[in-house]
Amino acid sequence: MDPFSSEGELVNIHTAFIQGQYQNVLDDFDASDFSDSNKLPIQILRYRAQCALGRYDEVLSAISDSDAKRTPDLAAARLLAAYSQKPSEKLAAEAESLAASSGDNLTVQLLAGTVLARAGNSEQALALLSKHQGSLDAVALLVQIHLSQNRTDLALKEARSARSFAQDALLVNLAESWIGVRQGGDNYQKAYYVFEELAGAPSSSSAASLVAQAVSELHLGRTEEAQTALDQALALEPENTAALANKIVLETIVGRDTQELVQTLQKADQEHELLVDLAAKREAFQAALAKYSPKFVS
C-alpha cells in the first residue's frame with residue numbers, strides 16, 4: 001500500500017517533494033502535525049529532502065547507528081545520505097544487504113534502490129523496485145533507471161502501467177514527460193507543457209521544475225527562454241548541480257565561455273557526470289592527438 005496515495009493525509013507534503021520544493025518540505029511540514037502512523041513516512045520524506053539539498057550531514061547526525069539497526073527505513077535514509085556524500089563500494093554492498101533483508105519495505109526499495117542504481121547495479125535496483133505494491137515513487141525510479149539504460153520501451157511500459165491505476169497523478173505525468181524528452185519530435189512540446197505548468201505556478205515552482213522546463217526549451221531550440229528558466233533556477237538554488245550543468249550546455253551552444261560555470265560546478269560536485277564526461281573526452285582527444293606529429297612545409 002502506498003502511504004503517499006492521494007487519499008491520505010500525506011498528499012500535500014508528498015506533492016511538494018515530487019515538485020522539487022524540498023525547502024518547503026522542511027519548512028512547512030512537521031511530523032508532530034500528523035497521525036502517529038504517518039510520523040515515520042513524514043520523517044523519511046524530510047530526510048530525502050535534506051539529501052536532495054545536499055545536506056547529508058544533517059541526516060547522518062539525526063539517525064544514530066542504533067536507530068538504523070532497529071528501523072530499516074532509517075537505515076535506508078542513513079545509507080542514502082552516506083552514499084550521496086561519499087560513494088563507495090562498501091556502502092553499495094550495504095545497500096545490497098539491506099535490500100536482501102528488508103526488500104519488502106517501500107522506503108528500502110526507494111532509497112536502497114537509488115543507491116544501487118547510482119552505484120551502477122541497475123539490474124539489482126530494478127529487481128528491488130519491482131517488488132513495490134502500487135507505489136508511484138517506485139514507478140518513477142524504474143522509469144529513470146530504464147531511461148539511463150536507453151530502454152525507452154521499458155520506461156514507457158512502466159509509465160503506461162501506472163497510468164492504468166493512477167490516471168491523473170502528477171508523477172505519472174512527469175514520468176511520461178521524461179520519456180517524451182528522450183523520444184523527441186512532437187513529444188518535446190508535450191513535455192514542455194507539463195514542465196512549464198509546474199514551473200510557472202507559484203504553488204508548484206521549484207528549481208527542479210525550472211530546469212526541466214529549460215531542458216525542453218533547449219530541445220525546442222528556444223535558447224533565450226531556456227536561459228531565463230535556468231537563471232531563475234539558480235536564483236532559487238545557486239548550487240543546484242542540474243541547473244549548473246544545463247547552463248554549461250546552454251552557454252556552449254550559444255558560444256559563450258563556460259570556465260566560471262565549470263568551476264562552480266566543480267565546487268558543488270567534483271564527480272558530476274558532466275564533469276566526468278568532459279574529462280573523459282578531453283583525455284580521449286589528447287590520446288588521439290598524441291598519434292600525430294605536426295609537419296611544417298618551408
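A search of the whole structure finds 12 salt bridges, a salt bridge being a side-chain nitrogen of Lys or Arg within 4 Å of a carboxyl oxygen of Asp or Glu. This is a predicted model, in which local features need pLDDT of at least 70 and side-chain atom pairs count only at pLDDT 80 or more, while totals for chains, interfaces and linings use all residues. Residues are numbered from 1 along each chain as its sequence is written, and side-chain values use heavy atoms, with hydrogens and water left out.

Let us begin with the overall fold. The chain holds 18 helices and 0 strands; these are DSSP runs numbered from the N terminus, helices being H or I with at least four residues and strands E with at least two. Of its 298 residues, 45% count as buried, where buried means under 20% relative accessible area, exposed over 50%, and partly exposed in between (1.4 Å probe, protein chains only).

Now back to the salt bridges. Asp137 and Arg48 are joined through their side chains at 3.7 Å, N to O. This pair links distant parts of the chain, with Asp137 in helix α10 and Arg48 in helix α3, 89 residues apart. Asp137 is buried because its relative accessible area is 5%, and Arg48 is buried too, at 13%.

Another salt bridge pairs Lys90 with Glu94, their closest N and O atoms being 2.7 Å apart. Since they are 4 residues apart in helix α7, about one helical turn separates them. An α-helix has 3.6 residues a turn, so residues three or four places apart point the same way. Lys90 is exposed at 59% relative accessible area, whereas Glu94 is partly exposed at 34%.

Helix α8 deserves a visit next. After the helix comes Gly120, with a positive phi near 90°.

Finally, look at the loop between α10 and α11, where Asn150 lies. Asn150 has a positive phi of about 60° although it is not a glycine. With 60% relative accessibility, Asn150 counts as exposed.
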